Amino acid sequence: MRTRLMSIRVGSLLAGLLLALSATALVAAPQASADTGVAAVGEALKEGPVYVDPRAEAQLPKAEADALAKKIKDSGKPVFVAVLPATGEFPADKVLGAVRAETGITGLYAIRLGDGFNAGADKAVMPANAVRNLTDAVKVGAPDAATQLDNFVDQALSQAKGGAPASWGSTGADAGAPVGGLITLAAVAAVGGGGAYALVRRNRKKKEETRREAIERLSVVVDEDITAFGEELDRLDFHPGEPGADDAMRKDYEQGLDSYEKAKQIMASVRYPEEVKGVTQALEDGRFALASLDARRQGRPLPERRSPCFFDPRHGPSAEDASWAPAGGAARTVPVCTADAVRLRDGLDPAVRTVDTAHGPRPYYDAGPAYGPWAGGYFGGGILPGLLVGTMLGSMMSSPAYASDFGGGMGNGYEGGDISGADFNPSDFGGGDFGGGGGFDGGGGF
């Protein structure tokens with residue numbers, strides 16, 4: 001009897017699994033459904049990187065779609081491709097944002113719409129300028145869909161940041177229904193979704209650990225900066241009611257105190273590395289206020305608002321520009337404090353800010369990308385890459401994806417391949433248009 005009951009239970013489980021697989025097959029095959037709109041595109045791209053609408057199969061045959069999907073999956077990058085017919089279901093000025101909202105996955109999206117082409121990406125995956133440049137490049141010569149998409153993907157995979165979503169299967173795409181989706185959905189049906197959830201959870205845990213480690217490294221340097229600024233306030237020994245104090249001095253002093261408190265408050269709430277930029281911006285503002293206060297008290301001309309000393313922002317606002325070259329690099333002009341300017345003229349090494357690394361103390365500009373947000377707050381994104389040409393940090397900044405890695409747009413904390421739902425900023429999700437310019441937020445035409 002017991003054996004018979006077990007057999008019945010096993011049979012019921014198998015029947016349920018087969019039923020689930022049958023239902024999954026119907027859901028994962030948009031060409032067999034009346035729903036071939038944006039919702040179908042979004043659902044299909046959750047399961048694999050390439051979707052071809054049944055009405056557009058002539059543009060990208062199954063074999064070529066499979067090869068393209070395999071290339072993307074092998075790279076492990078969050079790149080999505082859709083080939084769609086130019087119909088009223090897919091408005092040219094809205095289809096990219098709509099597909100991104102339907103998938104709910106942070107990534108780089110490329111769409112061939114009729115004979116037109118456009119692409120867009122979340123800033124964490126690729127900056128808008130990089131997307132726009134790639135999009136314009138693959139439009140040259142009006143290539144066929146297969147050539148255009150293959151060229152775009154080849155270039156995009158080397159630049160896109162983040163990882164493939166856990167929901168993708170392990171094989172290529174099918175026209176209208178990515179292959180591998182059935183396997184993934186069947187596994188989810190068999191284990192109640194636990195396996196997929198575990199994969200997503202592990203992936204997010206790893207990213208969170210990476211973020212925490214970056215913040216820990218930055219915290220050491222930033223805490224030193226905040227402490228040094230507090231010591232400057234003490235050394236200044238200014239009292240608002242002291243003889244000779246005027247409103248301008250008191251205003252400078254108040255600005256210094258406010259910057260000090262602001263830096264501490266921001267650092268106490270930092271969750272992502274790029275947020276450190278706000279701390280060093282506050283300290284830079286505060287140091288200029290203290291320099292102005294000191295000049296007023298000494299009866300000297302007020303200082304010019306300049307960038308901090310390149311070699312160590314704790315030296316305060318720079319006094320002049322000087323020529324300097326990193327080891328093995330070309331000379332460039334950098335802002336320096338008076339003391340470092342004298343050292344350089346005397347043929348001595350400047351007093352460079354060093355940080356701890358696995359290989360011992362190193363100048364901050366040769367210690368890796370973690371210090372990008374810290375330096376960016378002091379010098380601003382516009383001039384910093386030029387100052388750092390030939391250094392490790394400068395090399396990282398010169399890449400198209402610098403903004404997404406070093407303080408330019410993790411935004412709400414989602415990275416490539418993360419599930420954010422419709423939580424994305426359309427003005428950040430930019431690229432070209434289906435004609436010849438513009439972006440996702442600005443419309444455009446074929």
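Q: How are helices and strands defined here?
A: Helices (H or I, at least four residues) and strands (E, at least two) are DSSP runs. Their numbering starts at the N terminus. This is a predicted model, where local features need pLDDT of at least 70, side-chain atom pairs count only at pLDDT 80 or more, and totals for chains, interfaces and linings use all residues. Residues are numbered from 1 along each chain as its sequence is written, and side-chain values use heavy atoms, with hydrogens and water left out.

Q: What separates Asp247 and Arg250 in helix α9?
A: The side chains of Asp247 and Arg250 form a salt bridge at 2.9 Å, N to O. A salt bridge is a side-chain nitrogen of Lys or Arg within 4 Å of a carboxyl oxygen of Asp or Glu. Because Asp247 and Arg250 are 3 residues apart in helix α9, the separation is about one helical turn.

Q: Is Asp247 buried or exposed?
A: Relative accessible area decides this: buried is under 20%, exposed is over 50%, and partly exposed lies in between (1.4 Å probe, protein chains only). Arg250, at 30%, is partly exposed. Asp247 has 60%, so Asp247 is exposed.

Q: Why is α3 called roughly parallel to α6?
A: Helix α3 spans residues 62-75 and helix α6 spans residues 145-157; their axes come within 11 Å and cross at roughly 5°. Axes are lines fitted to C-alpha atoms, for helices over the stretch in contact, and angles run from 0 to 180 degrees between N-to-C directions. Angles under 35 degrees count as roughly parallel, over 145 as roughly antiparallel, 65 to 115 as roughly perpendicular and the rest as oblique. The crossing angle therefore makes α3 and α6 roughly parallel.

Q: How many residues apart in sequence are the parts tied together by Arg297 and Glu242?
A: The side chains of Arg297 and Glu242 meet in a salt bridge of 3.2 Å, N to O. Arg297 is partly exposed at 29% relative accessible area, whereas Glu242 is buried at 18%. Arg297 is in helix α10 and Glu242 is in the loop between α8 (194-236) and α9 (247-269), so the parts they tie together are separated by 55 residues.

Q: Where does the side chain of Thr280 reach a backbone oxygen?
A: Thr280 lies in helix α10, residues 276-298. Thr280 is buried, with 0% relative accessible area. At 3.1 Å, its side chain reaches the backbone oxygen of Trp374.

Q: How far apart in space are Leu45 and Val81, C-alpha to C-alpha?
A: Leu45 belongs to helix α2, residues 38-47. Leu45 is buried, at 1% relative accessibility. Leu45 and Val81 are 36 residues apart in sequence, and in space their C-alpha atoms are separated by 8.0 Å.

Terms used:
Polar contact = N/O pair within 3.5 Å; in protein donor to acceptor, adjacent residues only side chain to side chain.
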